[in-house]
Amino acid sequence: MDLLRAEDAPGGRGRPGWVPDIRNQTRGKPLRNKVSVVMAAALALTAAPLAHADPPDPAAKYADQEVSWGECAFTPAAPLECALITVPRDWANPGSGAELEVSISRSRATGERQGAMLVNPGGPGAQGSGLAGALAALAPDLAGAYDLVGMDPRGTGREGVEGSAFTCDVPTDRLPTGLLDARDRSAASLAEHAKEPRAVAEACQSHALTPYITTWQTAHDVDLVRALLGEERLHYLGYSYGSWLGAKYASLFPEKVGKVVLDSSVNWQGRLQAAFEAWPEIGHRQLERQYFPWLSRQFPDAVGDDPRGAWERAREVYAEQGVAPDAYDRIFVGLGSELAWLLSAAVLVAAQGEQPEVPDALRARVDEATTREFGVPLSALTPAAVAEALADYTPYPGTYYAVTCGDEVTRTAARNKALSDRQGPKWPVFGWAYGLWQACGYWTDAPRHQLPALPPQVADRVLVVQGEFDPQTGYEQARAAVRAAPGVGLVQVTDATMHGQYAVDGNPCVDGAVNVFLLHGSRPNTLTCPGLPLPGEDGVHPADGPIREPASTQLTAEVVPTGDPALRARVREQINSSFRH
């Protein structure tokens, strides 16, 4: 039945909530009239507030949902509980579109609890549920003080569930043919190079989910996790792209964020795409100053004193085997893990035509890596076997492109071509190819939301950790972010070449500094830590790099990293592989 509105009540005179004087109106009237007037007045009292109540908040139901913790769909490295939570497709319009599910995990604090900390391995596109268990095993002090919370960001699917991630389906007839070599600047070569990024951009943008896979949306998912956990503030540890996500979460929700560690950082005060555009330069620097000298020390019979010449010879050998020069070059991009160093070295050495002599300190690890990747130990590895493995096709990760191309205004294809023209002569290993590969150059959708810079009131809660020769997120990127956000702390690591430092590298200086901050609240303004030896070596070979300050501490002659070496390697590979597309 229709409720009587206050303005419709007898004598209401259009004033909502005005109630007539019952005593005067009912004197001398029959009881039924008195009752009807009283009912009218009561209806006026109850209905009036409804007329002017705010409409229901469509986002409120998400914070009221029950979280049902249970077993995970994967085998964790430490005890974990997992759950699925529901999020709106679009936080800007929560009542529209189909809802999404996001997988989260939790390792409960084993000691005196200081709060909850969300961890993220980067990407964009990496699943983070398993990282909570891995860090619980690798950093027991951290796991004692915090509930470590993992999350598989929207679009990444559910860890342990095959095929659940968002991918872009690119028709094979849209892809380039032939052996692409970005050094070939002919019109035909450039046109062939343009096929893949254009096809990827069109395929990704045609997917209905793409506009809603962005850092802005994911940051709101993160804050929902905070609310569902009942935390006033959520602490955060993120690697690689996870530094961008963490900084933007802190910028969007400055009152809801606690302590923040951004490891192997992009310039989160600038452009995300600038981190990718720096790859040719920082990759070349790592190759020339660390990787090639290491090759000469470890494989002198194969590469001698001219590792760059050996690299060029191998490029020609693999082209004869049907491996596109661009594909060969890409093997040596983003060498931020020991596995990447060992496999790339094996590929190069196998092309030199002689049985390689492998140092005792490396032999077991190299053979394990090549057997895993190519099915044979290094002594049996041939260019043909490598060529066969490189022929495998990998789907295009939708989350990676949706975020990197959708977070901000992108460079055009013409500008990326000009970038290739400038970078190629200076950094030829990857400079020629980078600008030609960028799907973002063909991205036509404009960003839907603006991502703010880090507000000053959050700066004293943020610590950046960065290696000097990181080939995926360059030192200059992290330094620029720190300089643009006065008050942010920095732990920089000299001669460090790997991507991912805290709890992954086993560096006692880095782990100690981060733990003091997270466990005791004391944070350095700038601390310079010494790096660790390269794979198979006992000592550090200093190289000229961008860090000018001497190390604040000295490491003992032999550093034994804590934690399971195999687990540390798996976590580092996850951090690295998520950033290499």
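Helix H15 buries Leu362, Val366, Ala369, Thr370 and Phe374. The model shown here is predicted. The protein has 22 helices and 11 strands. Of its 581 residues, 56% count as buried.

**Helix H15**
- Cover for the buried residues of H15 includes helix H10 (279-298), helix H14 (338-350) and helix H16 (383-390).
- H15 runs over residues 360-374, which is 15 residues.
- At 1.5 Å a residue, H15 should span 21 Å, and its end C-alpha atoms are 21 Å apart, so the two values agree.
- Glycine 375 follows H15, with a positive phi near 90°.

**Whole protein**
- Contacts between residues at least 6 apart in sequence were counted, and 77% of them join residues at least 24 apart.
- The accessible surface comes to about 24700 Å². Carbon and sulfur atoms account for 51% of that surface.

- Most residues other than glycine have a negative phi, and most peptide bonds are trans.
- Glycine 123 and proline 124 are joined by a cis peptide bond, with omega about 0°.
- Proline 124 sits in the loop between strand S3 (115-120) and helix H4 (129-138).

**The loop between S10 and H21**
- Aspartate 495 lies in the loop between strand S10 (489-494) and helix H21 (508-520).
- Aspartate 495 is not a glycine, yet its phi is positive, about 60°.
- The relative accessible area of aspartate 495 is 11%, under the 20% cut-off, so this residue is buried.
- Alanine 503 also lies in the loop between S10 and H21. Its phi is positive too, near 65°.
- Alanine 503 has a relative accessible area of 5%, so it counts as buried.

Key: Residues are numbered from 1 along each chain as its sequence is written. This is a predicted model: local features need pLDDT of at least 70, side-chain atom pairs count only at pLDDT 80 or more; totals for chains, interfaces and linings use all residues. Side-chain values use heavy atoms; hydrogens and water are left out. Helices (H or I, at least four residues) and strands (E, at least two) are DSSP runs, numbered from the N terminus. The expected span of a helix is 1.5 Å times one less than its number of residues. Buried means under 20% relative accessible area, exposed over 50%, partly exposed in between (1.4 Å probe, protein chains only). Contact means heavy atoms within 4.5 Å. Accessible areas come from the Shrake-Rupley method with a 1.4 Å probe; for residues, only the protein chains shown count as cover.
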